[in-house]
Amino acid sequence: MRVPRSSLVALAALMTGTLASAGALSAETAALDPATLGTPASPPEPAPVPASQPALQPEPAGADPVSTALPDYKPEAPKAEPAPAPVATTPVVPTDPLAAAVLARFGESAPLLLRLTGKDRDGIRAFYEARAYKPLWIADGAWTEAAKSVSARLAAAGEDGLDARAYAVPNLAEKPDEKAVADADLRFSAAALVYARDARGGRVNLASISRLITPQLDLPNADAVLSKLSDAGAKAGDALQGYNPATAGYLALKARLASLRGPAPAATVKPLRLPSGPALRVGMRDPRVPLLRAHFGLETRPAGTLDRPPGEPEEYDSVVSDAVAKFQRGRGLPGNGVLNVQTVLALADAGRPARASGSEAELIVNMERWRWLPGDLGSDYILVNVPEYRLRAYRGGSLRDEARVIVGKPESRTPLFSGLMEYAVVNPSWYVPPSILKTMSPKLAGYGGKTWGGYEVVRRGGHVSLRQPPGERNALGFIKFMFPNQHAVYLHDTPNRSLFSAAKRDFSHGCVRVDDPFRLADAVLPDWTEARLKKLIGKGERTIRLPAKLPVHLAYFTAYVDDGGTFRTLPDLYGYDAPMRAALGLPGGGGPAIAKLPEEKARRKPEAAPVAQARPAPRREAARPRRYAEPEPSARYDDYDSPGRHVRRAARADSAPEYGEPGLWTPAPAPVSRGWW
């Protein structure tokens, strides 16, 4: 509203006068505040102006009366109108009774599946909402062909080391009502979704096994799974199977599992209760044998030959023993063919699903570890199997090269994950990590020198670090391969070449040391040969970018099938097998008996002096050609990871973990070079 001119004049006088109090001014100002004026009213008539007072000039059109009288006054910005509250919308209830029943089932608190998370349930609801809540698996009160295909895959989940009991298919009455159809359809979708996520590695909380197991699991969401299965039609079961790994290593273990279990006997569907008696072996006779023959569908008596007539019906011959052995393997028991107490109990309880044996558990655990890797390893990649102490480089899907490696000790384990190698550094520096520096900081704080026990003292912004310059005594050797990751580990060279001759090579602090790393560089750097890279030794730190990022997989397989088709087992270096079995509900929490890693013969390198050899005389060392591999021990170099060797106090920082990835706590890498220097 407009303020009377008389009020403005009075206010101006108060502002310029000396007798007005601050309280009166604030009260007058409050009176002018439109927010405190209350209900607008008609303005009063202006008072007559005395003759002695000059007449006021008319206000310019559009002028603010307050700002005209008070030059320093700044009017308040008009207050924005509050946004109207959103109008609550009621979800549209489908008119179709069956769709309405599906929507109503989502409103019930009863779970669709015990292992289904709230996020997964919301994803299923979003999928059904997009299709107007129409059932996906049931049509005209019966399962569709797609549902039958998926049901067959869920029932055969054991072929992939999964537990079929976790994906129970709901029962459907002969003439179900809308509520029964809705419940069965949604529970079937939940079972298919949980199977797909389990097939991609979602059934184990890896953090409960170790915080150093950090793969990026590709767990599909509900919309992706149900859309894929819906589009597959009658081949939906094959589409669901596709969530399991298709790598050669996984398929080899799967075939081994199927061979170990053997074909299930057709006659073991019904239970068989036998009278008590002694354990039976081949050659023994017992009145229970005819019952076994009838149960397994065998001849009533041993068949005759040219040398002897048919045997007695009660004879426990090799035919009966073989049938018992097949049943034992199908039930997860040792397939020795002996009718013992465990086998008699299993025959009486044949209706229940079989439990995996210790050998089967070993395969299932390692099949599960293949799910930690990406579904597509790529045609070019590097795979490091930590318990095997071996690295394999693949090019074009074929094995290009392999090498021995040194991995982390049990107290400083090598993490398990997949990364992308981006560059290699020739003549790298090594920085002592903060975990070690903080124990030395009191001494370094007051130290003014530029070197410390052979290390360079680097000061930046009040922070002090120790840098080991490049050279043959550097802890990282002459080259390192970087794939940035949260653990700050990488592949690198080492000056301690003799350690690669050991069969058990867990000497590092987490990183992976590679035997003959320049040969690996020849495999991962297509434009750089081994000979060309070695010419860079001693010419300063250089960074070489890979033409394309190369996947690196740090894996953990204690059982695998080698390239020749031989099944091999390895020691459980970090003790991961037992907690994996417990997490998967498998027997053998203490771990099965495992084979020892075979001893590997030490390579003969004429130029490498034995570890125990005394330091050669200066004259002889001067005549010896310079080696890239193993430096001589010295008082300034700490050969901290040679077993049994004395650790020198002068270079105690050398025994620190090798973590020091550029960009985390070390200086930025040297300028990138893409060509020849």
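**Ground rules**

I'm working with a predicted model, where local features need pLDDT of at least 70, side-chain atom pairs count only at pLDDT 80 or more, and totals for chains, interfaces and linings use all residues. Residues are numbered from 1 along each chain as its sequence is written, and side-chain values use heavy atoms, with hydrogens and water left out.

**Entry 1: confidence**

I began with pLDDT, the predictor's confidence in each residue, from 0 to 100. The protein averages 76, and 68% of the residues score at least 70. Over residues 18-75 the pLDDT is below 50. Beyond near neighbours in sequence, that stretch has 31 contacts in the model (a contact means heavy atoms within 4.5 Å). Residues 264-268 also stay under 50, and the model gives them ten contacts beyond four places in sequence.

**Entry 2: salt bridges**

Next came the charged side chains. Side chains of opposite charge can pair when their charged atoms come close. I count a salt bridge when a side-chain nitrogen of Lys or Arg is within 4 Å of a carboxyl oxygen of Asp or Glu. How many salt bridges does a search of the whole structure find? It finds 28.

I looked at Arg497 and Asp493 to start with. Arg497 is in the loop between strand E12 (491-492) and strand E13 (506-508). (Strands, E, are DSSP runs of at least two residues and helices, H or I, of at least four, numbered from the N terminus.) The closest N and O atoms of this salt bridge are 2.6 Å apart. The two side chains also make a polar contact at 2.6 Å. For a polar contact I need a pair of N or O atoms within 3.5 Å; within protein, one must be able to donate a hydrogen and the other to accept it, and residues adjacent in sequence count only if both atoms are side-chain atoms.

Is Arg497 buried or exposed? Arg497 counts as buried because its relative accessibility is 4%. Asp493 is buried too, at 1%. My cut-offs: buried is under 20% relative accessible area, exposed is over 50%, and partly exposed is in between (1.4 Å probe, protein chains only).

Then I checked Arg165 and Asp163, whose side chains meet in a salt bridge at 3.1 Å, N to O. Arg165 has a relative accessible area of 59%, so it is exposed. Asp163 is partly exposed at 31%.

Glu530 and Lys534 form another bridge, with 3.4 Å between the closest N and O atoms. Both lie in helix H18 (residues 530-534), four residues apart, about one turn of the helix. Glu530 is partly exposed at 23%, and Lys534 is partly exposed at 31%.

**Entry 3: aromatic rings**

On to the rings. I pair rings of Phe, Tyr and Trp (its six-membered ring) if their centres lie within 6.5 Å; planes under 30 degrees apart are stacked, over 60 edge-to-face, and the rest tilted. The structure holds 13 aromatic pairs.

Tyr167 and Tyr195 are edge-to-face, 5.2 Å centre to centre with 70° between the planes. This pair links distant parts of the chain, 28 residues apart. Tyr167 is in the loop between helix H6 (145-155) and helix H7 (178-199), and Tyr195 is in helix H7. Tyr167 is buried at 2%, and Tyr195 is buried at 0%.

Tyr381 and Tyr394 are stacked, at 4.6 Å and 15°. Tyr381 is in strand E3 (residues 381-385) and Tyr394 in strand E4 (residues 390-395), 13 residues apart. Tyr381 is buried at 11%, as is Tyr394 at 13%. I also found Phe106, Phe127, Tyr128 and Tyr133 in one aromatic cluster.

**Entry 4: charges over rings**

My test here is NZ of Lys or CZ of Arg within 6 Å of the ring centre and within 35 degrees of the ring normal. The charged end of Arg256 sits over the ring of Phe567, 4.3 Å from its centre. Arg532 lies over the face of Trp528, at 3.7 Å from the ring centre.

**Entry 5: Arg371**

Last, I looked up Arg371, in the loop between helix H15 (358-370) and E3. Arg371 counts as buried because its relative accessible area is 0%. What does its side chain reach at 2.5 Å? It reaches the backbone oxygen of Asp160. Leaving aside neighbours within four places in sequence, Arg371 has contacts that include Leu162, Asp198, Leu217, Asn244 and Tyr250.
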